[in-house]
Amino acid sequence: MGTRGIVPAKRKSPAKKIVLFSLLGILVVLIAVCAYFYFDITAEIDGKNVRDEFVSFSVERGDGLNSVSNRLAEAGILEYPFFFRLYGSMNGMGSKIIENKYELRKGASYEEIFAAITTPRKARPSVRITFPEGTEVMDIIEKFLTVGAEKGAAWSQEGFNAALLAEYD
């Protein structure tokens, strides 16, 4: 028998193999990088990187979601301002931001940050006390403590003692 009807198998050239493995390697690296950023971003959104370090942050009149997100990133509270803006826009939070001073934890979840900067603070109870001229300091303190306790004010004997014993310049 002859070898007439048999066609020899074509061998792939080494250049095609190199290109194929290079593309496969690039694809694997691209998938790994995307997975890293996906998990990093979702961890930030969910607050999985939260630390017990608090940062003072203030929202000024007229601040929008864009400026707030950029300043939160500058303060180290969050890492990805774009995704914070996107989250806020998708949840309708941009117009609900309230000007105030806040203490926010580094790495807090987006939900926690928006809860802080969109919830109005409760007004503190006010207490009006009148003292006749010539009232002694200890009598004033006693009146503060009794009337304050009745009205729910946060005055304490320890606070007054600290103020009385402090050294002033």
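**Ground rules.** I worked on a predicted model, so I held local features to pLDDT of at least 70 and counted side-chain atom pairs only at pLDDT 80 or more, while totals for chains, interfaces and linings use all residues. I numbered residues from 1 along each chain as its sequence is written, and side-chain values use heavy atoms, with hydrogens and water left out.

**Entry 1, strands.** I took helices (H or I, at least four residues) and strands (E, at least two) as DSSP runs, numbered from the N terminus. I let two strands pair if DSSP finds at least two bridges between them. Strand 1 and strand 2 run antiparallel and are joined by six bridges. I looked up the partner of Phe-54 and found Arg-105 in strand 2.

For accessibility I used relative accessible area: buried is under 20%, exposed is over 50%, and partly exposed is in between (1.4 Å probe, protein chains only). The side chains of strand 1 alternate: Val-55, Phe-57 and Val-59 are buried and point to one face.

I paired rings of Phe, Tyr and Trp (its six-membered ring) if their centres lie within 6.5 Å; planes under 30 degrees apart count as stacked, over 60 as edge-to-face and the rest as tilted. By this rule I count eight aromatic pairs. One of them is Tyr-36 with Phe-37, edge-to-face, with 5.3 Å centre to centre and 75 degrees between the planes. Tyr-36 is exposed because its relative accessibility is 52%; Phe-37, at 39%, is partly exposed.

I then looked up Phe-84 and Tyr-110. Their ring centres are 5.1 Å apart and their planes stand at 85 degrees, so I list this pair as edge-to-face. Phe-84 sits in helix 3 (residues 81-90) and Tyr-110 in helix 4 (residues 110-118), so the pair ties together parts 26 residues apart in sequence. Phe-84 is buried at 0% relative accessible area, and Tyr-110 is buried at 0% as well. I also noted a cluster in which ring pairs link Phe-84, Tyr-87, Tyr-110 and Phe-114.

I required a side-chain nitrogen of Lys or Arg within 4 Å of a carboxyl oxygen of Asp or Glu. That rule gives four salt bridges.

Glu-53 meets Lys-106 in one of them, with the closest N and O atoms 3.3 Å apart. I placed Glu-53 in the loop between helix 1 (14-46) and strand 1 (54-59), and Lys-106 in the loop between strand 2 (100-105) and helix 4; the pair links distant parts of the chain, 53 residues apart. Glu-53 is partly exposed at 40%, whereas Lys-106 is buried at 17%.

Arg-61 and Glu-99 form another salt bridge, at 3.3 Å from N to O. Arg-61 is in the loop between strand 1 and helix 2 (65-74) and Glu-99 in the loop between helix 3 and strand 2, so parts 38 residues apart in sequence are tied together. Arg-61 is exposed at 70%, whereas Glu-99 is partly exposed at 37%.

I also looked up Arg-71, which has a salt bridge with Asp-63, their closest N and O atoms being 2.3 Å apart. Arg-71 is partly exposed at 25%, and Asp-63 is partly exposed at 21%.
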